[in-house]
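Work through the exercises below with the structure in view. Each task is followed by a solution in steps.

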Amino acid sequence: MRSAHVVRARTPGARVVSALVAAALCGPVALSAQSTPWTVATPAPAGFDRALAQRASLEHLRALIGLNTQNPPGNELLTAQYFDKVFAAIPGVERHVLPVANGRANFVARLRATNPTKRPVLIMGHMDVVGVDSSKWKTPAFTATMVREGDVEYLYGRGAIDDKGMLATATAAMQQLALRRDQLDRDVIFMATAAEEGGPEVGIDEMVTTHFALIKDAEFALNEGGRVRVGDGMVRSVNIQTTEKVSYTVKASATGPSGHASVPLPDNVLAALARAVSRVHTWKAPVLLNETTRLYFARLARIEKDPVMKLAMQRVSAPNASKTQIDAAAAVLSREPLHNAVLRTGQSLTLMSGGIRSNVIPSDGSATFNVRVLPNDDVRTIVQQFNRVGAEKQVVFTLDGEPRTSPPVSPVSTALYRAMEQAATAMVPTTTVIPFMSTGATDGAALRARGIPTYGILPMPLPMEDELRMHGDNERVPVAALGWAAEFLYRTLDRVTAR
């Protein structure tokens, strides 16, 4: 591999914002002449300039990465003000910067159709990002940095994928869609939220309580959460999130006698805790399929190359499959951690603590599991099973907080889902569109709970290597994937809004 060529992006400011709005001031991005997963062979849709979308998406993302919004503390007001400047230059847009406290804010912009006859469509993303361990990054995490590796140009920086890439490409798509405002039959609402990555409920929760009037008339919404997956040098599948697991915290508490470490005790609480936690770690909840996951495996089987996995997918999703057949197929699929997480409620050990000194046997210890519960499962039953499987009299597993009702699954029959499906196959006729249940949590759940069907997509086509960098070190996005994403979002919005 050739040595990496690194170029630092300029710091965002007034000149950058002007360049973003004008778009033509931005220089072209040099892309490989050969066919790539991000090369779209079909004609561009009416009113869409591919080169312009590529340049604008890149410039938006450069600017957004340069705004340090790692959570905590968030500082999303910086990004909300950036969007306020960008959308101020678009005719027909109403804007709302919604400060919360301590430099945090949400942002809403509404592109008004000239003569709307249908309810709005909402497109959204979150402005905060997770923190970084700078010692493990090859580039400054909050300076957008271009790196060529082999034949691919990458943009490195925290948030390049999650979720500033979504916000950047959505903004570029809306800038072009706004030029056809008189041809739209719906308003388009853009929303950027705070605090999606955790902490105080000042993001989507604030929006659906204090500011819901700004978005409540949306017929449906488009958010992060799905995937555009690249394999064998092509876009193999477009996974549209229609539902998601619900995240809970379950704590294990161990108590027992303390003492001097020179006299080993049979009831050592840390030993009991370790045994119980190990058993729960290896335990698998029963397989529980739902409408989305059945269709997910049925569609995935169409493109699966491994014949053993392919057959298991077909069997687990068969309409009349018995429990015995499903369990046998699931045992094969569960060899792959991602498939296992889709098939059942899953638990991950994330924290353990106990003891004060190396020569003291402590009287207590604790462990924490992050539990992702299927929409049609019961977390209370799961905790009961933890206590049964843990099987240590000194250890008790308890749910932190109260059970929550899972929001309804977003149907695959809406105009927005169909528009996403049509956009994907128009760009890549050979791809497979798959309804998808995400194992991670997103802001979409709050909207589904309030009656707004919400669909998730991370619109940049990514190889698994890059997808797995989300929340990890050296987060990056292929530069050419940005133009692809902007076109997908433009096509989707255009199909669902055009007269």
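**Aromatic rings**

A search of the whole structure finds 17 aromatic pairs (rings of Phe, Tyr and Trp, its six-membered ring, with centres within 6.5 Å; planes under 30 degrees apart count as stacked, over 60 as edge-to-face and the rest as tilted). The model is predicted: local features need pLDDT of at least 70, side-chain atom pairs count only at pLDDT 80 or more, and totals for chains, interfaces and linings use all residues. Residues are numbered from 1 along each chain as its sequence is written, and side-chain values use heavy atoms, with hydrogens and water left out.

**Exercise 1.** Classify the pair W283 and F386, and locate both residues.

Solution.
- The ring centres are 6.0 Å apart and the planes stand at 90°, so W283 and F386 form an edge-to-face pair.
- W283 is in the loop between α6 (269-282) and α7 (291-300), while F386 is in helix α11 (residues 379-390), so the pair ties together parts 103 residues apart in sequence. Helices (H or I, at least four residues) and strands (E, at least two) are DSSP runs, numbered from the N terminus.
- W283 and F386 are both buried (under 20% relative accessible area, 1.4 Å probe, protein chains only).

**Exercise 2.** Classify the pair F369 and F386.

Solution.
- With centres 5.9 Å apart and planes at 50°, the pair is tilted.
- F369 belongs to strand β15 (residues 364-373) and F386 to helix α11, 17 residues apart.
- Both F369 and F386 are buried.

**Exercise 3.** Which residue lies over the face of Y154?

Solution.
- R476 does, at 3.7 Å from the ring centre of Y154. The criterion is NZ of Lys or CZ of Arg within 6 Å of the ring centre and within 35 degrees of the ring normal.

Conventions: Buried means under 20% relative accessible area, exposed over 50%, partly exposed in between (1.4 Å probe, protein chains only).
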